[in-house]
Amino acid sequence: MDVLARYEPLIDDYDAFAAACERPLPSVVRVNLIKATPERVRRAFDEAGIGYERVAWHPGLFRLEERGPGSNWPYVHGWVHGQEEVSAVPATVLDPQPGERVWDTCAAPGSKTTQIAGLMEDTGAVVANDDTLGRLSALRSNADRQGVTSAVVTNRDARKFSLDDLGFDAFDRALVDAPCSCEGTVRKNPDALDDWSEGYLAHVAGLQKGILRRAVRLTRPGGTVVYGTCTFAPEENEAVLDHVLAAEDCRLVPFESPLVSDPGVTEWRGERFDEQVRRARRIYPHQNDTGGFFCAKLEVTG
Amino acid sequence: MTGNDGSRFDRLPATDAERRVEGRPSREAVVGFWEERFGIPPETWDGHTFWEKGAGKIWAFAGELPDHVAVETLGLPVLRTRQEHWKPTTDGVQRFGTAATRNVVDLTSEQARRFVAGEDQDLPDWDGDWGYLIAAHELAGEREPIGVGLYLYGELRSVVPKGRRREL
């Protein structure tokens, strides 16, 4: 079954999109600002004869010529973390500031948690939650290798998350990097779509709505919530935003996408969504030679 | 005095005099350990609180939380106490060991490669203390700590945990 064909009506150059989905992804690492600078990483790669290309939109991303970011000194020292280019977008859009309290609702394996901690200069707190106990060890080892001291790791259902025992009332920002059908990761995992079904979309969309609603409720008025998925299905993207915009005190705000992208879609299979969803961004694999991603920025209003 | 509750994070008392839990180290003692053993200035830790979870595992956290908190992890594990010789963690010395001024052994690139692979090696020229040392090498123009070594009888044992070892 060609799952992705259902998105043909949404995509300008569908042939280029389909061809890009067949190509493997470049191997990319992100510099961990807690332990290093892009300049020192560059120098260490040069000393070791590791070939790389800089990524124009982000000074801390390096595309490596060889696969496998784990076998070199910069990795051993926690100076770099293997992270797909498009996966560095949501924390950039979140734009956390030093000293803030940030909630990463679905944090494992920690790529975005550690990026957030670096952007906050490892001050304040990033509450890194994941409901799957088995995924926490990867989160912990990534955070520890990168020397993160500002993370609080929790293992709870994000939809029922409470701040009662943490001693503060609200987060300044939250990132909902939601569990999803992962259609946009086919370049990394060619079998990502093997278990795809419309029934799964309906199930996971329920989860996404519950988590995003909780994130809006636990973020202070004026605070920022970023919603992201690595999938193309409007059922998991614009439809989730439409639901939460109607149910909670929040609005979608425009933001500058660091990568070439399309606006969110207001109509899908006969269903119409709140016009605000145009402010979300759809990033397709052929536009920037990355994985696929969906990203929206919300402001909490009440 | 009460016992240690291994299921939650408890903040360390500021000094030994304020201790309420048997065997729990104080913040003063932890900061003092790093200063005495490695010359790391006490102000290095000004932005961090210290916590114990489990028996003797000490974590450094960048902020403030209530004194007892039931979460999975809090900050970074930096030290193992409640044993005769306190043992710094690999992650702790990588993060904070750049401020060390003593008991740091500078390895050649070949020695560093063997160390990170988990190999023990003879180190006849070391004339500093025995016990836990910070093993470092030069990378991109500066000294960079790799991890913890145990120096005994002319030999440097690598205590890099299995999951952090690499053949480079």
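# A guided look at the model

Visitor: Which residues does R173(A) touch, not counting residues up to four places away in sequence?

Guide: Two residues are in contact if their C-beta atoms, placed from the backbone, lie within 7 Å. Leaving out residues up to four places away in sequence, R173(A) touches L94(A), P96(A), E100(A), V102(A), T219(A), G223(A) and T224(A).

Visitor: What kind of model is this?

Guide: Residues are numbered from 1 along each chain as its sequence is written, while chains are lettered from A and ligands numbered from 1 in the order in which they are written. Local features need pLDDT of at least 70, side-chain atom pairs count only at pLDDT 80 or more, and totals for chains, interfaces and linings use all residues, since the model is predicted.

Visitor: Is R173(A) buried or exposed?

Guide: R173(A) is found in strand β8 (residues 171-177) of chain A; helices (H or I, at least four residues) and strands (E, at least two) are DSSP runs, numbered from the N terminus. A residue is buried if 20 or more other C-beta atoms, placed from the backbone, lie within 10 Å of its own, exposed if 12 or fewer, and partly exposed in between. R173(A) has 25 C-beta neighbours inside 10 Å, so R173(A) counts as buried.

Visitor: What distance separates the C-alpha atoms of R173(A) and R101(A)?

Guide: R173(A) and R101(A) are 72 residues apart along the chain. The separation of their C-alpha atoms is 6.8 Å.

Visitor: Which residues have the most contacts inside the largest nonpolar core?

Guide: A nonpolar core is a set of buried Ala, Val, Leu, Ile, Met, Phe, Trp, Tyr and Cys residues joined through C-beta atoms within 7 Å. The largest one has 122 residues. Beyond four places in sequence, the contacts of V176(A) include I211(A), L212(A) and V225(A). The residues with the most contacts inside the core are V176(A) and V225(A).

Visitor: What radius of gyration does chain A have?

Guide: Buried residues make up 54% of the 302 residues in chain A. The radius is taken over C-alpha atoms, and the globule rule is 2.2 Å times the number of residues to the power 0.38. For 302 residues a compact globule would come near 19 Å, which agrees with the value for chain A, 19 Å.

Visitor: Which element gives the most to the side of chain A that touches chain B?

Guide: The contact takes 31 residues from chain A and 27 residues from chain B. On the side of chain A, α2 (38-48), α3 (73-76), α6 (136-145) and β7 (151-154) each supply at least two residues. The most, five residues, comes from α6(A).

Visitor: Which residue of β5(B) is the bridge partner of V153(A)?

Guide: Two strands pair if DSSP finds at least two bridges between them. β7(A) and strand β5 (residues 73-74) of chain B run antiparallel, joined by two bridges. β7(A) also pairs with strand β6 (residues 125-129) of chain A, in the parallel sense over four bridges. In β5(B), the partner of V153(A) is T73(B).

Visitor: What distance separates the centres of domain 1 and domain 2 of chain B?

Guide: Chain B is divided into domain 1 (9-97) and domain 2 (103-164), with bounds from an automatic or database domain assignment. Nine residues of domain 1 of chain B are in contact with ten residues of domain 2 of chain B. Taken over C-alpha atoms, the centres of these domains are separated by 23 Å.
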